[in-house]
Amino acid sequence: MAATHGEYRGYLRNTVDIEAGQHRFHPVQSSEPTYRPLLFGTLVVMGLLQVASSVAILLHLTGYLQEVDLSTAPRRPIEEVQTEPVLNALRDPRKNRRCKTPKESLPSAHLPIRAQHEYPKKGQPKAVTIEWNEEDIYRHRMGYQKGKLLVMESGFYYVYAKTCFRYYNLPEDSSQAGAPLVDVSNTQLIQYVHHESIKQNSRAVVLMRTGSTMRWNITSYNMYCAQQGRGVRLEEGDALYVNVSNAWMLDKQGEATYFGAIKLGNVFG
């Protein structure tokens, strides 16, 4: 009976020990849920990588198929592959010139005064047309005839003119010896730029006007310059010219008295 009771107690101790031993493993069981989010995240990342690799493979295969289609297509001449505007520019040499040197193709002209021309002193206030030096005239796609600048291409132009007047009558000047003195104490020096319009039957209108009334001394050196410029629409067949009063006083140097025009562009509408 004692043995039996001892075994029973031993059995009870072993049961307690077993239960105590089981309590030692509870931390391991409680830590098991902490690994589940990490495992789940790993699976999600692997899934995303798999999807990305599949998409990349699909795009690569699609590009490859397109290359195969292009390579197997019948080859066309180079002219058909190129764009039409590029070919037209290459075939037309005039377009190449316009692209390379657009400013050189613009109509323009510069006219210096004709030094050998003499203007009468009679009728001083009356305006007369200035004659320009044909030997030193610069013209590009514009004409010239008897003091008039002729427009050969319609468009919007910048027109400019400068005239210088001077007067002196020194005693030592032999060329003026014996010549009657001219009253320059109240002299009108006016510059006009005229425009003859082909649309108005070449009727002349004043495009620009400037000048001054000068009170000069008879025996001293006197000088006055008038300069003006503006933009204007001109048509093919139009003409431009410059008139001045007291033209006999004009400075005959080309850098002092000149006239010109340059096309700035086309005008539509």
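A salt bridge here is a side-chain nitrogen of Lys or Arg within 4 Å of a carboxyl oxygen of Asp or Glu. With that in mind, select Arg141, Glu153 and Lys263: a network of salt bridges links these residues. The model you have open is a predicted one, and it holds six salt bridges. Let's visit some of them.

Zoom in on glutamate 153 and arginine 141, whose side chains meet in a salt bridge with an N to O distance of 2.3 Å. Glutamate 153 sits in the loop between strand 5 (148-151) and strand 6 (155-167), and arginine 141 in the loop between strand 3 (138-140) and strand 4 (142-145), so this pair ties together parts twelve residues apart in sequence. Color by accessibility if you like: glutamate 153 is partly exposed at 22% relative accessibility, and arginine 141 is partly exposed too, at 40%.

**Next stop: across the chain.** Now select arginine 166 and aspartate 251, which form a salt bridge with their closest N and O atoms 4.0 Å apart. Here distant parts of the chain are linked: arginine 166 belongs to strand 6, while aspartate 251 lies in the loop between strand 10 (239-244) and strand 11 (258-265), 85 residues apart. Arginine 166 is partly exposed, with a relative accessible area of 30%; aspartate 251, at 5%, counts as buried.

Is glutamate 235 buried or exposed? At 16% relative accessibility, under the 20% cut-off, glutamate 235 counts as buried.

Methods. Residues numbered from 1 in each chain as written. Predicted model: local features only at pLDDT ≥ 70, side-chain atom pairs only at ≥ 80, totals over all residues. Heavy atoms only, no water. Helix = DSSP H or I, 4+ residues; strand = E, 2+ residues; numbered from the N terminus. Buried < 20%, exposed > 50% of the residue type's maximum accessible area, 1.4 Å probe, protein only.
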